[in-house]
Amino acid sequence: LGEIQAEYGGAIPKHLLPETATGLGVKESFLAALIKRIPSLRLQDTHLLEMCAGPNCGKRTELAALAEKLCKANPKVTLKFTQCMRMCGKGPNIRWDGCIHHKADPELIRRLVEGLEK
(Lines give C-alpha, C1' and ligand atoms only; values in the text may rest on other atoms or scores of the structure.)
Protein backbone atom coordinates (compact mmCIF):
# COMPACT_ATOMS: atom_id res chain seq x y z
CA LEU A 1 0.00 0.00 0.00
CA GLY A 2 2.88 2.33 0.75
CA GLU A 3 4.28 1.76 -2.73
CA ILE A 4 0.93 2.55 -4.34
CA GLN A 5 0.64 5.70 -2.26
CA ALA A 6 4.15 6.82 -3.22
CA GLU A 7 3.52 6.13 -6.91
CA TYR A 8 0.35 8.24 -6.92
CA GLY A 9 1.77 11.31 -5.22
CA GLY A 10 1.11 10.64 -1.54
CA ALA A 11 -2.42 9.22 -1.52
CA ILE A 12 -4.06 5.99 -2.62
CA PRO A 13 -6.69 6.76 -5.28
CA LYS A 14 -10.16 5.43 -4.45
CA HIS A 15 -10.58 4.02 -7.94
CA LEU A 16 -7.73 1.56 -7.24
CA LEU A 17 -9.38 0.01 -4.17
CA PRO A 18 -11.27 -2.80 -5.96
CA GLU A 19 -8.23 -3.93 -7.95
CA THR A 20 -5.91 -3.65 -4.94
CA ALA A 21 -8.31 -5.56 -2.68
CA THR A 22 -8.60 -8.34 -5.24
CA GLY A 23 -4.82 -8.49 -5.58
CA LEU A 24 -4.40 -8.75 -1.83
CA GLY A 25 -7.23 -11.26 -1.46
CA VAL A 26 -9.33 -9.13 0.89
CA LYS A 27 -12.66 -7.34 0.70
CA GLU A 28 -12.68 -3.74 -0.48
CA SER A 29 -14.40 -2.62 2.74
CA PHE A 30 -11.67 -4.25 4.83
CA LEU A 31 -8.96 -2.52 2.80
CA ALA A 32 -10.64 0.88 3.17
CA ALA A 33 -10.95 0.36 6.95
CA LEU A 34 -7.30 -0.69 7.16
CA ILE A 35 -6.16 2.44 5.30
CA LYS A 36 -8.17 4.63 7.70
CA ARG A 37 -6.51 2.98 10.73
CA ILE A 38 -2.90 3.32 9.57
CA PRO A 39 -1.80 6.95 10.08
CA SER A 40 0.88 6.87 7.36
CA LEU A 41 -1.66 5.86 4.68
CA ARG A 42 -4.09 8.27 3.09
CA LEU A 43 -7.02 7.60 0.79
CA GLN A 44 -7.45 10.13 -1.99
CA ASP A 45 -10.99 11.46 -2.04
CA THR A 46 -10.34 13.88 -4.86
CA HIS A 47 -8.81 13.55 -8.29
CA LEU A 48 -5.43 15.11 -9.00
CA LEU A 49 -4.76 16.83 -12.32
CA GLU A 50 -1.09 17.69 -12.74
CA MET A 51 -0.08 19.86 -15.65
CA CYS A 52 3.47 20.05 -16.92
CA ALA A 53 4.77 23.59 -16.63
CA GLY A 54 8.05 22.91 -18.41
CA PRO A 55 9.43 25.17 -21.13
CA ASN A 56 7.35 23.62 -23.93
CA CYS A 57 4.13 22.51 -22.23
CA GLY A 58 4.02 25.67 -20.12
CA LYS A 59 3.56 27.74 -23.27
CA ARG A 60 0.02 26.36 -23.59
CA THR A 61 -1.48 29.04 -21.36
CA GLU A 62 -4.98 28.62 -22.83
CA LEU A 63 -4.96 24.95 -21.75
CA ALA A 64 -3.84 25.90 -18.24
CA ALA A 65 -6.51 28.61 -18.03
CA LEU A 66 -9.22 26.13 -19.05
CA ALA A 67 -7.99 23.58 -16.49
CA GLU A 68 -8.01 26.22 -13.73
CA LYS A 69 -11.55 27.27 -14.64
CA LEU A 70 -12.89 23.70 -14.74
CA CYS A 71 -11.10 22.65 -11.54
CA LYS A 72 -12.43 25.66 -9.63
CA ALA A 73 -15.93 24.60 -10.62
CA ASN A 74 -15.36 20.99 -9.51
CA PRO A 75 -14.34 20.61 -5.83
CA LYS A 76 -13.49 16.94 -6.42
CA VAL A 77 -10.49 17.88 -8.59
CA THR A 78 -7.21 19.38 -7.40
CA LEU A 79 -5.03 21.13 -9.98
CA LYS A 80 -1.26 21.20 -9.57
CA PHE A 81 1.41 22.53 -11.91
CA THR A 82 4.57 20.40 -11.96
CA GLN A 83 8.09 20.78 -13.16
CA CYS A 84 8.94 19.44 -16.61
CA MET A 85 7.79 15.84 -17.06
CA ARG A 86 10.66 15.24 -19.52
CA MET A 87 8.39 14.16 -22.37
CA CYS A 88 8.55 17.36 -24.38
CA GLY A 89 8.19 15.69 -27.78
CA LYS A 90 4.81 14.27 -26.76
CA GLY A 91 3.40 17.38 -25.09
CA PRO A 92 1.50 19.06 -23.80
CA ASN A 93 1.56 16.48 -21.02
CA ILE A 94 -0.75 16.06 -18.05
CA ARG A 95 -1.05 13.47 -15.29
CA TRP A 96 -4.53 12.45 -14.09
CA ASP A 97 -4.48 10.46 -10.85
CA GLY A 98 -1.00 9.21 -11.71
CA CYS A 99 -1.74 8.29 -15.35
CA ILE A 100 0.14 10.36 -17.94
CA HIS A 101 -1.69 11.67 -20.99
CA HIS A 102 0.23 13.09 -23.96
CA LYS A 103 -0.94 15.62 -26.55
CA ALA A 104 -3.48 17.02 -24.07
CA ASP A 105 -6.15 19.22 -25.57
CA PRO A 106 -9.19 21.09 -24.20
CA GLU A 107 -11.53 18.15 -24.89
CA LEU A 108 -9.37 15.72 -22.89
CA ILE A 109 -9.22 18.15 -19.96
CA ARG A 110 -13.01 18.56 -20.07
CA ARG A 111 -13.63 14.79 -20.20
CA LEU A 112 -11.32 14.13 -17.26
CA VAL A 113 -12.52 16.92 -15.00
CA GLU A 114 -16.20 16.38 -15.75
CA GLY A 115 -15.82 12.67 -14.99
CA LEU A 116 -16.33 11.23 -18.44
CA GLU A 117 -12.95 9.50 -18.67
CA LYS A 118 -10.52 7.85 -16.25
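This is a predicted model: local features need pLDDT of at least 70, side-chain atom pairs count only at pLDDT 80 or more; totals for chains, interfaces and linings use all residues.
Local features need pLDDT of at least 70 and side-chain atom pairs count only at pLDDT 80 or more, while totals for chains, interfaces and linings use all residues. Residues are numbered from 1 along each chain as its sequence is written, and side-chain values use heavy atoms, with hydrogens and water left out.

Helices (H or I, at least four residues) and strands (E, at least two) are DSSP runs numbered from the N terminus. Four strands form an open sheet in the order β4-β3-β5-β6, with mixed pairing; two strands pair if DSSP finds at least two bridges between them. β4 (77-82) and β6 (99-101) stand at the edges with a single partner strand each, so one side of each lacks a neighbour in the sheet. From one strand to the next, the twist averages 25 degrees. Strands of a sheet pair through backbone hydrogen bonds, either parallel or antiparallel. The pairing of β5 (residues 94-96) with β6 is antiparallel and spans three bridges, with I94 opposite H101 in β6.

Two helices pack on this sheet. Contact means heavy atoms within 4.5 Å, and axes are lines fitted to C-alpha atoms, for helices over the stretch in contact, with angles running from 0 to 180 degrees between N-to-C directions. Helix α4 (residues 61-73) touches β3 (47-52) and β4, and its direction makes about 155 degrees with that of β4. Helix α5 (residues 106-113) touches β3, β4, β5 and β6, and its direction makes about 15 degrees with that of β5.

A nonpolar core is a set of buried Ala, Val, Leu, Ile, Met, Phe, Trp, Tyr and Cys residues joined through side-chain atoms within 4.5 Å. Buried means under 20% relative accessible area, exposed over 50%, and partly exposed in between (1.4 Å probe, protein chains only). The largest core has 15 residues, and L49, M51, V77, I94, W96, I109 and V113 have the most contacts inside it. At least two residues of this core come from each of β3, α4, β5 and α5, with the largest share, five residues, supplied by α4. Leaving aside residues up to four places away in sequence, the residues touched by M51 include L63, A67, L79, F81 and I94. Another core, of seven residues, lies apart from it and has L31, A32, I35 and L41 among its members.

Side chains of opposite charge can pair when their charged atoms come close. Three salt bridges are present, each a side-chain nitrogen of Lys or Arg within 4 Å of a carboxyl oxygen of Asp or Glu. E50 pairs with R95 at 3.3 Å between the closest N and O atoms, which joins strands β3 and β5 across 45 residues of the chain. E50 is buried at 9% relative accessible area, whereas R95 is partly exposed at 22%. R60 and E62 meet at 2.7 Å, N to O; R60 is partly exposed at 28%, and E62 is partly exposed at 46%. The closest N and O atoms of R110 and E107 are 3.6 Å apart, and both residues lie in helix α5, three residues apart, about one turn of the helix.

With a disulfide taken as a pair of cysteine sulfur atoms within 2.5 Å, the count is zero. C84 is in no disulfide, the nearest cysteine sulfur being that of C88 at 3.8 Å. The sulfur of C99 is 15 Å from the closest cysteine sulfur, in C52, and therefore too far for a bond.
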